[in-house]
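Thanks for coming, everyone. I'll walk through one model today. Please have the viewer open and follow along.

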Amino acid sequence: MINSSQQVYDINDCAIKDVNPNKIKLISYPWSKAGDTLIHGGDNLILDDINSFKPIDKDWGLTKQHVIYKSKILAGADPKTFKVINSYSGKDKLHDYEFGKIKD
């Protein structure tokens with residue numbers, strides 16, 4: 001019997017969907033990869049150019065073609081001019097971004 005002070009953890013809460021756990025390779029916490037799938041924490045993203053992925057920090061990363069915030073590609077962002085401002089914002093030569101979207 002479980003009392004109110006005990007926590008119950010479900011292993012499915014930390015499962016990464018559609019990823020073979022035997023193929024996961026740590027890049028730099030919390031970034032990992034499995035084949036062409038980039039993993040950020042429990043979320044994932046398929047990338048054609050995953051082998052060029054470089055983490056900037058725990059929330060931001062780059063490939064030759066994309067700027068990535070957590071597990072989202074920033075549409076239209078320029079990886080060559082992109083700079084991180086803080087954990088939730090960045091900018092390139094065209095736009096300012098917050099939380100993975102162009103800032104209005």
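Let me start with a term. By a polar contact I mean a pair of N or O atoms within 3.5 Å, where, within protein, one must be able to donate a hydrogen and the other to accept it. With that in hand, look at Lys33 and Asn51: their side chains are joined by a polar contact of 3.2 Å. Keep in mind that this is a predicted model.

Now the overview. The protein chain has twelve strands and zero helices. So what is the pattern along the sequence? It reads β-β-β-β-β-β-β-β-β-β-β-β. There are 104 residues in the protein chain, and 33% of them count as buried. The accessible surface comes to about 7400 Å², with 51% of that belonging to carbon and sulfur atoms. On contacts, take the pairs at least 6 apart in sequence: 26% of them join residues at least 24 apart.

Four strands form an open sheet, in the order 5-6-7-8, and the pairing is antiparallel. Why does one side of strand 5 and of strand 8 lack a neighbour in the sheet? Those two strands stand at the edges with a single partner strand each, so one side of each is left open. Inside the sheet, strand 6 and strand 7 pair in the antiparallel sense over three bridges. As background, strands of a sheet pair through backbone hydrogen bonds, either parallel or antiparallel.

Trp60 and Tyr69 turn up again in the core. The largest nonpolar core has eight residues: Trp60, Leu62, Val67, Tyr69, Leu74, Ala77, Phe82 and Tyr97. Which elements give two or more residues to this core? Strand 6, residues 60–62, and strand 7 do. There is also a second, separate core of seven residues, with Leu45, Leu47, Ile50 and Ile68 among them. In general, nonpolar side chains in soluble globular proteins tend to be buried together.

Stay with Leu62 for a moment. Setting aside its neighbours within four places in sequence, Leu62 is in contact with Ser52, Phe53, Lys54, Ile56, Val67, Pro79 and Phe82. Of these, Val67 and Phe82 are also members of the largest core.

Back to Lys33. This residue sits in strand 2, residues 31–34. Lys33 is at 23% relative accessibility, so it counts as partly exposed; the cut-off for buried is under 20%. Not counting residues up to four places away in sequence, Lys33 touches Lys23, Ile24, Lys25, Ile27, Ile39, Ile50 and Asn51. Ile50 is 17 residues from Lys33 in sequence, and their C-alpha atoms are 8.0 Å apart. Ile50 is also in the second core.

Asp49 is in the loop between strand 4 (43–46) and strand 5 (54–55). Buried or exposed? Asp49 counts as buried, because its relative accessibility is 10%. Leaving out residues up to four places away in sequence, Asp49 touches Thr63, Lys64, Gln65 and His66. Take Lys64: it is 15 residues from Asp49 in sequence, and 7.2 Å away, C-alpha to C-alpha.

Now Ser89. Its place is in strand 10, residues 89–91. At 7% relative accessibility, Ser89 counts as buried. What does the side chain of Ser89 make a polar contact with? With the side chain of Asn86, at 2.8 Å. Ser89 also touches Trp60, Val84, Tyr97 and Glu98, again not counting residues up to four places away in sequence. Trp60 and Tyr97 belong to the largest core.

Last topic: backbone geometry. Most residues other than glycine have a negative phi, and most peptide bonds are trans.

The peptide bond from Tyr29 to Pro30 is cis, with omega near 5 degrees. Pro30 lies in the loop between strand 1 (25–28) and strand 2.

Lys70 has a positive phi, near 55 degrees. Lys70 lies in the loop between strand 7 (67–69) and strand 8 (72–73). Its relative accessibility is 33%, so Lys70 counts as partly exposed.

Phe99 is not a glycine, yet its phi is positive, about 50 degrees. Phe99 lies in the loop between strand 11 (96–98) and strand 12 (101–102). At 48% relative accessibility, Phe99 counts as partly exposed.

That's the tour. Questions, please.

Notes
Residues are numbered from 1 along each chain as its sequence is written. This is a predicted model: local features need pLDDT of at least 70, side-chain atom pairs count only at pLDDT 80 or more; totals for chains, interfaces and linings use all residues. Side-chain values use heavy atoms; hydrogens and water are left out. Buried means under 20% relative accessible area, exposed over 50%, partly exposed in between (1.4 Å probe, protein chains only). Contact means heavy atoms within 4.5 Å. Accessible areas come from the Shrake-Rupley method with a 1.4 Å probe; for residues, only the protein chains shown count as cover. A nonpolar core is a set of buried Ala, Val, Leu, Ile, Met, Phe, Trp, Tyr and Cys residues joined through side-chain atoms within 4.5 Å. Two strands pair if DSSP finds at least two bridges between them.
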